[in-house]
Amino acid sequence: MTTAVCPGSFDPITLGHVDVVRRARSFVDEVVVGVARNSSKSALLPVEVRVALAREALADVDGVRVEPIPGLLADFVRDVGATAVVKGLRGGADFDAETPMALMNRHLTGVETVFVIGSTALAHIASSLVKDVARFGGQIDDLVPPGVARAVREALGVGPAGGGDV
Ligand code: PNS
């Protein structure tokens with residue numbers, strides 16, 4: 001059986017993430033979605049909420065499970081018996097950001113990272129932008145799986161799109 005890890009902050013999971021996980025699942029038997037801490041970002045949602053939202057978003061995808069990553073991604077990959085890390089790229093900026101992490105993970109445990117190009121129709125979606133749009137009263141329901149928009153708005157303390165004051 002072939003297993004890959006799709007890691008990320010998933011703060012929150014977006015339709016872009018779901019697309020990448022589905023693409024990864026098309027070439028491995030099992031995908032473990034690992035919800036990790038990115039020490040260069042400060043998360044809006046607690047990890048257990050991010051895990052719960054990702055589980056809900058991916059519940060209908062066969063051969064996918066979602067787990068928190070307690071420490072190093074490289075150790076997690078080894079612990080779950082995965083062959084590779086799979087990450088999605090939207091463009092060159094993602095490649096530049098991902099390359100040092102891929103090299104470090106290979107240095108640590110020899111794990112390889114495989115990059116997949118996500119759907120161009122979703123290339124404008126990033127968790128950071130989703131939060132920013134929601135923070136200022138914009139519509140995010142068509143950027144994230146069902147249930148996620150509400151969780152984000154609650155965490156931000158903002159109401160539904162269209163109801164904001166200046
Ligand atoms: O969605 P992101 O924020 O781009 O994902 C980055 C993430 C969470 C995968 C990365 O920060 C990570 O692997 N964190 C776990 C701790 C770790 O292994 N750090 C060293 C990375 S080389």
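A search of the whole structure finds one aromatic pair. The rings of Phe95 and Phe115 have their centres 5.9 Å apart and their planes at 70°; because planes over 60 degrees apart count as edge-to-face, the pair belongs to that class. The model is a predicted one.

**The aromatic pair**

- Phe95 lies in helix H4, which spans residues 92-109, whereas Phe115 lies in strand S5, which spans residues 112-117.
- The pair therefore ties together parts that are 20 residues apart in sequence.
- Phe95 has a relative accessible area of 41% and is partly exposed.
- Phe115 is likewise partly exposed, with a relative accessible area of 27%.

**The ligand and its surroundings**

- The ligand has 14 residues around it, and those that come nearest are Ser9, Arg37, Asn38, Lys41 and Leu73.
- Lys41 places a polar side-chain atom 2.7 Å from an oxygen atom of the ligand.
- Leu73 takes part through its backbone, a polar atom of which is 2.8 Å from an oxygen atom of the ligand.
- In the side chain of Lys87, an N or O atom is 3.3 Å from an oxygen atom of the ligand.
- The ligand exposes 540 Å² when taken alone, and the protein buries 82% of that area.
- The largest pocket is the space taken by the ligand.
- Strand S1 (residues 3-8) and helix H4 are the elements that give two or more residues to the shell around the ligand.
- Helix H4 contributes three residues, the largest share of that shell.

**The loop between S1 and H1**

- Which peptide bond is cis, with omega near 5°? It is the bond from Asp11 to Pro12.
- Pro12 lies in the loop between strand S1 and helix H1, the latter covering residues 15-25.
- Phe10 is found in this loop between S1 and H1 as well.
- The phi angle of Phe10 is near 50°, a positive value in a residue other than glycine.
- For context, most residues other than glycine have a negative phi, and most peptide bonds are trans.
- Is Phe10 buried or exposed? With a relative accessibility of 3%, Phe10 counts as buried, because the limit for that class is under 20%.

- Ser39 has its place in the loop between strand S2 (residues 30-35) and helix H2 (residues 47-57).
- Ser39 is exposed, with a relative accessible area of 65%.
- The C-alpha atoms of Ser39 and Ser9 are separated by 9.9 Å, although these residues are 30 residues apart along the chain.
- Ser9 is also one of the residues that come nearest to the ligand.
- Ala102 lies in helix H4, the helix that also holds Phe95.
- At 14% relative accessibility, Ala102 counts as buried.

Key: Residues are numbered from 1 along each chain as its sequence is written. This is a predicted model: local features need pLDDT of at least 70, side-chain atom pairs count only at pLDDT 80 or more; totals for chains, interfaces and linings use all residues. Side-chain values use heavy atoms; hydrogens and water are left out. Rings of Phe, Tyr and Trp (its six-membered ring) pair if their centres lie within 6.5 Å; planes under 30 degrees apart count as stacked, over 60 as edge-to-face and the rest as tilted. Helices (H or I, at least four residues) and strands (E, at least two) are DSSP runs, numbered from the N terminus. Buried means under 20% relative accessible area, exposed over 50%, partly exposed in between (1.4 Å probe, protein chains only). A residue is near a molecule or strand if one of its heavy atoms lies within 4 Å of it. A polar contact is a pair of N or O atoms within 3.5 Å; within protein, one must be able to donate a hydrogen and the other to accept it, and residues adjacent in sequence count only if both atoms are side-chain atoms. Accessible areas come from the Shrake-Rupley method with a 1.4 Å probe; for residues, only the protein chains shown count as cover. On a 1 Å grid over the protein atoms alone, a cavity is a set of points where a 1.4 Å probe fits but cannot get out, and a pocket is an open set with protein on both sides within 12 Å along at least five of seven lines; lining residues have an atom within 4 Å of a point. A molecule sits in a cavity or pocket if more than half of its atoms lie within 2 Å of its grid points.
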